[in-house]
Amino acid sequence: WHKFGRKASVLPCCIAQASDGDLPKRAQRSQSKTIIYSGGLSSWQKIDAIIALMKRISDVDVNIKFRFLTKDVDALRRLCENAGLDSSRWSAKSCKQSEVPEELKKADCGIILRDDTLVNQVASPIKVGEYLAAGLGIIASPFIGDVGKDLSDKEFACMVDGRTPVAKIVKFVNKLNDDSRAEARKWAIERLTYGGNKQAVLEMFS
């Protein structure tokens with residue numbers, strides 16, 4: 001819209017299989033909440049901002065833990081040390097892509113932050129789909145593709161920017177439960193699978 005002066009559609013990322021396996025119930029998991037980040041450490045992933053936000057969350061609620069799925073654990077360790085995020089509050093694992101869905105299910109909430117640019121406004125990161133398909137709540141920048149428009153009123157989503165109070169984010173994470181996990185996965189299956197988008201794509205090109 002900003003560049004071409006007309007509305008455009010964002011073809012969403014599509015998860016091949018969003019319903020494999022059962023989601024663990026709250027009673028089967030640790031009673032502390034876990035926020036997870038899955039992905040690389042490139043600057044455009046805003047990893048510094050993510051870790052800084054985790055530090056602020058950590059200062060407010062000691063019961064919230066942090067988990068990283070990334071190939072470069074050594075670089076991550078340096079970033080966490082520089083941000084003052086205590087090593088007792090976070091853990092990390094380098095895993096194969098095929099292992100990611102099961103690892104995500106062990107957490108409660110995923111996080112993805114992006115800069116407000118034209119590229120991000122028309123993006124549909126697979127990370128969003130992976131988080132929701134695993135039944136996670138999601139902390140996200142509101143201008144990622146259709147994320148802000150489609151998820152801003154969902155109980156399993158929290159839109160954040162530089163002005164969002166940390167207390168609001170902490171409250172959101174702590175309210176996530178089995179019902180919100182089921183709703184997140186249901187939304188992902190309906191909106192972010194090949195089957196869920198088939199009719200819309202056919203209509204777009206008819």
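**Exercises: core, helix pair and an enclosed helix**

Beyond its neighbours within four places in sequence, Ile 35 is in contact (heavy atoms within 4.5 Å) with Met 54, Ile 57, Ile 64, Lys 65, Phe 66, Arg 67, Cys 109, Ile 111, Ile 139 and Val 173. The model is predicted: local features need pLDDT of at least 70, side-chain atom pairs count only at pLDDT 80 or more, and totals for chains, interfaces and linings use all residues. Residues are numbered from 1 along each chain as its sequence is written, and side-chain values use heavy atoms, with hydrogens and water left out.

**Exercise 1.** Find which residues touch the most other members of the largest nonpolar core.

*Solution.* 
- A nonpolar core is a set of buried Ala, Val, Leu, Ile, Met, Phe, Trp, Tyr and Cys residues joined through side-chain atoms within 4.5 Å.
- Buried means under 20% relative accessible area, exposed over 50%, partly exposed in between (1.4 Å probe, protein chains only).
- The largest core holds 53 residues, and Ile 35 and Leu 132 touch the most other members.
- Helix α1 (residues 47-60) gives the most to this core, six residues. Helices (H or I, at least four residues) and strands (E, at least two) are DSSP runs, numbered from the N terminus.

**Exercise 2.** Describe how α1 packs on helix α2 (residues 73-83).

*Solution.* 
- Take the angle and the axis distance: about 50° and 10 Å. Axes are lines fitted to C-alpha atoms, for helices over the stretch in contact, and angles run from 0 to 180 degrees between N-to-C directions.
- Classify. α1 is therefore oblique to α2. Angles under 35 degrees count as roughly parallel, over 145 as roughly antiparallel, 65 to 115 as roughly perpendicular and the rest as oblique.
- List the contact. α1 brings Ile 47, Asp 48, Ile 51 and Lys 55; α2 brings Leu 76, Leu 79, Cys 80 and Ala 83.
- Check one pair. Asp 48 and Leu 76 lie 28 residues apart in sequence and 9.8 Å apart in space, C-alpha to C-alpha.
- Asp 48 is exposed, at 54% relative accessible area.

**Exercise 3.** Explain why helix α5 (residues 126-133) is largely enclosed by the rest of the structure.

*Solution.* 
- Seven of the eight α5 residues are buried, so the helix is largely enclosed.
- Name them: Lys 127, Val 128, Gly 129, Glu 130, Tyr 131, Leu 132 and Ala 133.
- The cover includes β1, α3 (100-104) and α8 (178-191).
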